[in-house]
Every structure is written in structure tokens, then in C-alpha cells.
Amino acid sequence: MEFGSEVPEALAAQIAEAEKEVLQMELLPIIEDSALKTLPPYGIDGEVLIALEYDNCSLKRIAISSNVAKINDFDIVKDISDDDDDDDDGDDDDGDDDPKIHRSKSIGFSVHFADGKVVKEKSAQRTMIEALRYMGLERASHFNETFKGYPLVGKKQRISDDGYKWQWFVDGWWVYTNLSNIRKIKCIKGIGKMLNIPLNVVLEDESNTVAIDKPVKQKGRRPMYSLNGGVAFCKNRSVLNTVRQFLAQMSSATFKDVCDFFPSGLQGSYGVVRSLDEIERRKRQNRTEEDRWFLEPDEILTAADGVRFAVSNEWGDNFASFQKHVAEQLGWTLEEVE
């Protein structure tokens, strides 16, 4: 430090982790690409450990050893033969693959967002990470799917006795990356749907031709509404998005708080929100009850007191009242966009 003061222990740990992340994300892929292009194509008998010493902007030493066990002392190790980006096209029931299983060559993909943002990195792993970062890692951490008990985005690191790498540390979060490409794409789509962020995944074969997931053509054009300049949705989904964002901002809000803030009169006879228990009870008397609510697993919301509830999907003339209420009570804008 400039005045001789010591770096706080917590800050030093954060700096060390950030430096490690830079090496993992930026330098390691370059070394990998260079090694695959320059090593003898006929192969080398036996096991060999190759190390480079780089210091002060210069290559100092190159070393070769037959004692490959020394690699366990390295801070950063990438097993190329077991690379989690060399995913197959089959289904993984939980993404917890055996690291000793060799997978087929990876087929890349890119993520296209409705606002024009396109995420396409050199590997499927990095594409998934950058797509999650764009949508927000904190928000993605609420994705309700785990892999051997670990969330896709969380604060807990999975550590194996053999040192196998299951996650990447990104912006203070552990992102679970040991997934097949199919699983990565499912997670990206699931989070986009959970957050009401329209996106399209384009899967490319080795010749870079589009293989799946062409955008679905819509018949006609419905009015679309943006909350505070964000991604635009149709009327009913913009209400769902607004209630979801309300919960994100008011994390301590109970279900009663939600009901009080979004009174039933804003929607009409059914109300803006209703608990799943109440919907289930009313289903016994009204067979069409389910049709009135957003009830897909990633559409259901949970209040701070644990009550799970749904948002009405029936909005017409009353939508204007909802817009006015949001503007007056929250200072948010919910405006139609071109």
C-alpha cells in the first residue's frame, strides 16, 4: 500500500479471487488453444507435465516433468479430456456428470435477447455465464433447480476430494457449469422465463448454420408494455412482471402485504393475486379457475411468509387502472412501446 498500511484480510481475499477469475476466464483458454495447435500431432508416450513461469510481462522459464502428480499443487487446473464444455447432446437428469466420462465435441450456441443484445463466447460454458450475468446473477439465483443440492447460481462452492471443478466463481457467485449443452440451454431459457426476459437460443453446428430454436412468428401485433424502460410484455404478462419486481424490491412483503398493495378492484371480480390454496379450493366449484391465473412452475410467486400465489392473466379495460396505480404508488412507469 502507498502509506505502508496492510491490506485488510477480507479485501486481500477478494483481490486474490478476482485475479484467479481473470486467469481462468482469459488466460486459460488462450493457453489451451495454443497448446492444442502446437503439441506434436503424433502424441507423446507416457504422461508429461508442462509448466510455464511468467512474471513481470515476460516468460521466464519452461519446464517439463514426468511427475504429473505435481499438477495437484496448481491453483488453476483444466482437464481437457473431461472438459465440461465438451458436452454431448443427450439429456442429463441433474447435470452432475461423472468427470471421467468423455463427451463428444461441443456444439456452440448463442443467446439473443429482445433488446438486441447477443451473447456468444468461445465456449458454451462462457456463453452461459455471460448470459446469466446479463440477466443478473442475483436474480438468476432464485431459479428453482439444483444439481446434487447446489443451485445453478449460489453462494456455496462444491468441493470434491479430487479437486474437480464443478463451478465458476463470477462476481461473488458460484455458477454451476458442469452441465451438458442441452442442460445449459434449458437453464438459460428457464431463467429467462422466470424473469420474463424474452430470449432466443440459436444452436449452431460445426458449419455455423442454425440448427434449432428459430423465432416463433406471431399472428398480428398485440400492444406491448415496458416497466421502467425494461423488456416489453403484453398486458397480462406485464402485470406478472410488475408484481414479480415488487417482490424483488420489497423482499419482506407477506402475502397480505401483496394483497393490500394490489387490491382486487384493480383487476375486477377475480383480483390481481390469489393463493394457490385458494385457487385449488375454488377449482372444486369452478372447472375454469385454472385458466384465469399464471400457474406454470416458473410463474408462481412466493411471498416472504412462504405463501405461494399466482397472478391473474385476465386483463382488459382494467389494465389502465393498474397502470395508474403503479405510477401513483410506486412511481414506476408502465408504458406502451412500439
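How many salt bridges does the count come to by the rule used here? The count comes to 12 salt bridges, a salt bridge being a side-chain nitrogen of Lys or Arg within 4 Å of a carboxyl oxygen of Asp or Glu. The model is predicted, with local features needing pLDDT of at least 70 and side-chain atom pairs counting only at pLDDT 80 or more, while totals for chains, interfaces and linings use all residues. Residues are numbered from 1 along each chain as its sequence is written, and side-chain values use heavy atoms, with hydrogens and water left out.

The protein chain has 8 helices and 17 strands; helices (H or I, at least four residues) and strands (E, at least two) are DSSP runs, numbered from the N terminus. Of its 338 residues, 39% count as buried. Here buried means under 20% relative accessible area, exposed means over 50%, and partly exposed lies in between (1.4 Å probe, protein chains only).

Strand 1 (49-55) and strand 2 (58-65) each give at least two residues to the nonpolar patch. I64 belongs to strand 2 and, with a relative accessibility of 64%, counts as exposed.

The salt bridges bring the charged residues into view. Side chains of opposite charge can pair when their charged atoms come close. In the pair R281 and E278, the closest N and O atoms are 2.6 Å apart. Both residues sit in helix 7 (residues 276-283), 3 residues apart, or about one turn of the helix. R281 is partly exposed at a relative accessible area of 36%, and E278 is partly exposed at 26%. Helix 7 also holds K283 and E280, again 3 residues apart and separated by about one helical turn. Their salt bridge has its closest N and O atoms 3.2 Å apart. K283 has a relative accessible area of 27% and is partly exposed, as is E280 at 39%.

A further salt bridge joins E314 and R292, with 4.0 Å between the closest N and O atoms. E314 is in the loop between strand 16 (308-311) and helix 8 (319-330), while R292 is in the loop between helix 7 and strand 15 (301-302), so the pair ties together parts that are 22 residues apart in sequence. E314 is partly exposed at 32% relative accessibility, whereas R292 is buried at 11%. These two residues also belong to a network of salt bridges that links R274, R282, E289, R292 and E314.

The loop between strand 16 and helix 8 also holds W315, which is buried at 12% relative accessibility. Leaving aside neighbours within four places in sequence, W315 is in contact with K235, N236, V239, L266, Q267, V272 and F322. V239 is 76 residues away from W315 along the chain, yet their C-alpha atoms are separated by 8.7 Å. The W315 side chain also reaches the backbone oxygen of S312 at 3.0 Å.

Another buried residue is S275, at 15% relative accessibility, which lies in strand 14 (residues 273-275). Its side chain reaches the backbone nitrogen of E278 at 3.1 Å. Not counting residues up to four places away in sequence, S275 touches F255, V307, R308 and F309.

Finally, an open sheet of 3 strands has the order 13-12-17 and antiparallel pairing. Strand 13 (232-233) and strand 17 (334-337) stand at the edges with a single partner strand each, so one side of each is left without a neighbour in the sheet. Two strands pair if DSSP finds at least two bridges between them; strand 12 (residues 224-227) and strand 13 pair over 2 bridges. Within this pairing, Y225 stands opposite F233 in strand 13.

Conventions:
Contact = heavy atoms within 4.5 Å. Polar contact = N/O pair within 3.5 Å; in protein donor to acceptor, adjacent residues only side chain to side chain.
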